[in-house]
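Please look over the sequence and the structure first, and then read the points grouped by topic below.

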Amino acid sequence: MAECDVVVIGGGHNGLVTAGYLAKAGARVVVLERRPIVGGACVTEEPWPGFRINTFAYASGLLRPKIVDELELVRFGYDPILCDPQGFVPEPDGRSLTFWLDEQKEQREIAKFSKKDAEAYPRYIRYWDDVLDVIEPAMMAPPMPLDQFFQKFAPGQAERLLRDLFLRSARDFLDDWFESPELKGVLAQSASIGTFAGPYTPGTAYVLGHHNIGRLGEHRRVWGHSRGGMGTITQAMARAATHFGASVRTGVGVRSILVEGGRAVGVETTDGTTLRARAVASSIDARQTLLDLLPTGTVEPSIERRLTRIRAEGACLKFNAALDGIPKFTAAPGPEVLAGAVGIAPSMEYLEHAFDDAKFGDFSREPSMDIYFQSLVDPSVAPPGKHTMTCFVQYAPTRLRAGSWDDAREMVAERVLSTLEEYAPGIRKLVRHWQVITPKDIETILGMPGGNIDQGDITPDQIFSLRPIPGWSNYRTPVPGLYLCGSAAHPGGGVIGAPGHNAAGVVIQDLREPTGAS
Ligand SMILES: Cc1cc2nc3c(=O)[nH]c(=O)nc-3n(C[C@H](O)[C@H](O)[C@H](O)COP(=O)(O)OP(=O)(O)OC[C@H]3O[C@@H](n4cnc5c(N)ncnc54)[C@H](O)[C@@H]3O)c2cc1C
């Protein structure tokens, strides 16, 4: 006899979204999260008194507005802040590029580097708006086969998109649009976020698109903060799920998935308790779910082989710090330009060189960075007069060629700070506390394989109907009653909520109409 309808493994944002939708539909749901807090990669912690740090994910915007509305996340505490400017990019020669929300102001900034690029920029924005009009809805439903997906575009447009987004590198794509190395450098940064690939790698143009889907209010392609830190998003999700009737339990890991008669019928927890359910939805990656948690031999060898071939390598690390003040960037006219991201990405060549180091097992000698000083626009995250700084740093391979990540923290801090000193002299003296979150930490703390932030690269060979593996992309798995609801499934990673939303729909459908298919 099932004790509940659905057990959700993992209380990251997707597990919570799944639980929220299932509970709202009337299912009896239990979420089991092995960490003492919910949120997975979307948490805010207090490593130093008064400083609320986004340990992992640090910028919001990808979360689908439909989910915010339907789970009533604002009512439960989610309070988004839109950044303006969106980004500030200091250049090594002392110039800078600021991305304002106002398109004309933004164009004037780009014109400092190239008048031609400034003219092309609005066309580039419209190009993305057209593409995203098709991609965004496709993200909020189980994936259709790729040939059908391309039929959604206007005749002629499909072929161009196939070439642009699926076959081309970010470099080739951006070279078609722009001439200024500075503009292309910062745009290309989004083409490799969390992905073990450089801008010269084919397929990275799609990764750029994935990170363009941000929406806050009326604004598209934008990023922002969640007041109080990223963790307030998942706190709101947990409150919503609980409000709709789910039970969210922390400090309870799942050791194995119970299978009877070939069907998933519950889980065994790390303390040896069993919990029986009509269905199990796992928000951890596909490989661990199907190969580590299921009894050996449950999955047939051909599928097992494909699961072990999913590419999920680390690409980044975090350098998080508590500051005694806001650093002065030589190129910044004033601190107001630091309200959004500060990008260290002077050119595509710079990014590719950074990747070259990691390709062969080293932390980049000259890393690229995406930096936020959230306290500047949200004082609730730091004591009065103090500030937070989170640096998302690339590239950091899963394994170092020499030595271990645990021994590399001082080296990483030194390299990050000396890079920053070139743009903001004196920043080092403002650092009161720091922490380095390595790919190994990401893997160990969250269970993300290889420290890959998306539970598997979101490159064209691993998206839509190819995610997590061809043939099993609709949240169902080869084991009836077992579903994937995390970033490992379509449409992939980021605090986007779509995998959880889509998986919940499939589980609800199967609970209502059990067909034996799953
Ligand atoms: C360093 C870093 C920076 C990032 N930056 C951003 C960003 O700025 N913006 C953005 O949108 N996205 C960002 N991302 C990506 C995004 O945060 C993730 O893709 C997303 O949060 C993953 O959500 P999830 O629910 O699918 O998985 P997870 O967040 O990984 O949740 C899975 C949960 O399962 C738990 N778990 C694992 N094993 C078990 C088990 N056996 N039993 C029970 N529980 C278990 C884990 O503890 C975890 O809580 C970042 C990620 C990282 C790591």
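A residue is called buried when its relative accessible area is under 20%, exposed when it is over 50%, and partly exposed in between, with a 1.4 Å probe and protein chains only. By that rule, 63% of the 518 residues in the protein chain are buried. The structure is a predicted model, in which local features need pLDDT of at least 70, side-chain atom pairs count only at pLDDT 80 or more, and totals for chains, interfaces and linings use all residues. Residues are numbered from 1 along each chain as its sequence is written, and side-chain values use heavy atoms, with hydrogens and water left out.

**Overall architecture**

- The protein chain contains 17 helices and 20 strands; these are DSSP runs numbered from the N terminus, with helices being H or I of at least four residues and strands being E of at least two.
- The radius of gyration of the protein chain is 22 Å, which agrees with the value near 24 Å that a compact globule of 518 residues would have. This radius is taken over C-alpha atoms, and the globule rule is 2.2 Å times the number of residues to the power 0.38.
- Along the principal axes, the C-alpha atoms of the protein chain fill a box of roughly 70 × 55 × 50 Å.
- Of the contacts between residues at least 6 apart in sequence, 73% join residues at least 24 apart; contact means heavy atoms within 4.5 Å.

**Surface and charge**

- The protein chain exposes about 19300 Å², and carbon and sulfur atoms supply 51% of this area. Accessible areas come from the Shrake-Rupley method with a 1.4 Å probe, and for residues only the protein chains shown count as cover.
- There are 53 positive and 62 negative side chains, and the centres of the two sets lie 2 Å apart. Lys and Arg count as positive and Asp and Glu as negative, while His and the chain ends are not counted. The place of a charge is taken as NZ of Lys, CZ of Arg, CG of Asp or CD of Glu.

**Nonpolar cores**

- In soluble globular proteins, nonpolar side chains tend to be buried together.
- A nonpolar core is a set of buried Ala, Val, Leu, Ile, Met, Phe, Trp, Tyr and Cys residues joined through side-chain atoms within 4.5 Å.
- The largest nonpolar core has 174 residues, of which Leu73, Tyr124, Phe149, Leu165, Phe319 and Met389 touch the most other members. Helix 4 (residues 115-139) contributes the largest share of this core, with 13 residues.
- Apart from this core lies another of 6 residues, among them Phe196, Ala315, Phe355 and Tyr395.
- Beyond residues up to four places away in sequence, leucine 73 touches Leu63, Ile67, Val68, Tyr78, Ala236, Met237 and Ala240.

**Buried residues in strands**

- Methionine 369, in strand 17 (residues 368-372), counts as buried because its relative accessibility is 0%. The C-alpha atoms of methionine 369 and leucine 317 are 9.8 Å apart, although the two are 52 residues apart in sequence.
- Outside the four places on either side in sequence, the contacts of methionine 369 include Gln189, Val342, Cys391 and Leu420.
- Threonine 98, in strand 7 (residues 96-99), has a relative accessible area of 3% and is therefore buried. Its C-alpha atom is 10.0 Å from that of glycine 343, which is 245 residues apart from it along the chain.

**Loops and backbone features**

- Asparagine 212 is in the loop between helix 9 (204-210) and strand 8 (215-216). Its relative accessible area is 14%, so asparagine 212 is buried.
- The loop between helix 16 (439-446) and strand 20 (482-484) holds serine 465, which is buried with a relative accessible area of 15%.
- Proline 468 lies in the loop between helix 16 and strand 20, and a cis peptide bond with omega of about 0° joins arginine 467 to proline 468.
- Glutamine 455 is also found in the loop between helix 16 and strand 20. Glutamine 455 has a phi near 55°, a positive value in a residue other than glycine, and it is buried at 12% relative accessible area.
- Glutamate 72 likewise has a phi near 55°; this residue is in the loop between helix 2 (65-70) and strand 5 (80-82) and is partly exposed, at 28%.
- Another cis peptide bond, with omega of about 15°, joins glutamine 394 and tyrosine 395.
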